Amino acid sequence: RTLIDKMVELLNSIAVTCPYYFLADAYYASKTMIHGVLKEENHLISRVRSNAVAYKLAGTHEKTKKRRRGRPKKYGRKIKLKTLWKQNELMQQATSPLKGEENILLRFRVCDLIWKRAGVVVRVVAVSHPIKGNILLMSTDLTLSAMDIIELYSLRYKIELSFKQA
């Protein structure tokens, strides 16, 4: 069993009755973790490696064409996630939602893409922080805004620090 299998088993064994967000590092952005969390109707918020790829939803990049023979496409065009920062005209700006960073302007881009390994649609947020650099975040909850995802992921550091102190 891998660490991911053990983590899913641990989450299921503690039997939390209310829905929760599991905040994790890039290691846990995998099929096993996503399905394990979604099976219990919870959600995963994770960092994603910069060399990761995802796919657009089928039919979102093509103009309406006549239907061809065979099975309809399941995946659209492949996207290298590190290219999300390169298209400046598609980036949005907002002040940082984090405490102590009231005057810092974040640039971000939000895309709903298919995470092929898990076969589910996820919300990917490419964040460019002027001091801390670039980060890719992923959420299985498509109702969360980009600022909510950024703010929730920032709590991960505080949680780990409190475990270290304990």
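Which residues do ring pairs link into a cluster? Select Phe-22, Tyr-27 and Tyr-28, which are joined in this way. The model on display is a predicted one.

**First stop: the ring cluster**

For one of them, display Tyr-27 together with Tyr-28: the arrangement is edge-to-face, with 5.2 Å centre to centre and 90 degrees between the planes. The two residues may then be coloured by accessibility. Tyr-27 is partly exposed, at a relative accessible area of 38%, whereas Tyr-28 has 16% relative accessibility and counts as buried.

**Second stop: Tyr-55 and Tyr-75**

Next, select Tyr-55 and Tyr-75, an aromatic pair of the tilted kind, with 50 degrees between the planes and 5.5 Å centre to centre. Tyr-55 belongs to strand β3 (residues 53–57) and Tyr-75 to strand β4 (residues 75–80), so this pair ties together parts that are 20 residues apart in sequence. Tyr-55 has a relative accessible area of 13%; because buried means under 20%, Tyr-55 is buried.

The charged end of Lys-116 sits over the ring of Tyr-75, 5.0 Å from the ring centre.

Finally, turn to the surface and select Leu-10, Ile-14 and Val-16. These residues form a nonpolar patch there, with about 260 Å² of accessible area together. Val-16 counts as partly exposed, with a relative accessibility of 40%.

Notes. Residues numbered from 1 in each chain as written. Predicted model: local features only at pLDDT ≥ 70, side-chain atom pairs only at ≥ 80, totals over all residues. Heavy atoms only, no water. Phe/Tyr/Trp six-rings, centres within 6.5 Å; stacked < 30°, edge-to-face > 60°. Buried < 20%, exposed > 50% of the residue type's maximum accessible area, 1.4 Å probe, protein only. Helix = DSSP H or I, 4+ residues; strand = E, 2+ residues; numbered from the N terminus. Lys NZ or Arg CZ within 6 Å of the ring centre and 35° of its normal. Patch = residues over 30% accessible without salt bridge, like charges linked within 9 Å, V, L, I, M, F, W, Y side chains within 5 Å. Areas by Shrake-Rupley, 256 points an atom, 1.4 Å probe, with all protein chains shown as cover. Salt bridge = Lys/Arg side-chain N within 4 Å of Asp/Glu carboxyl O.
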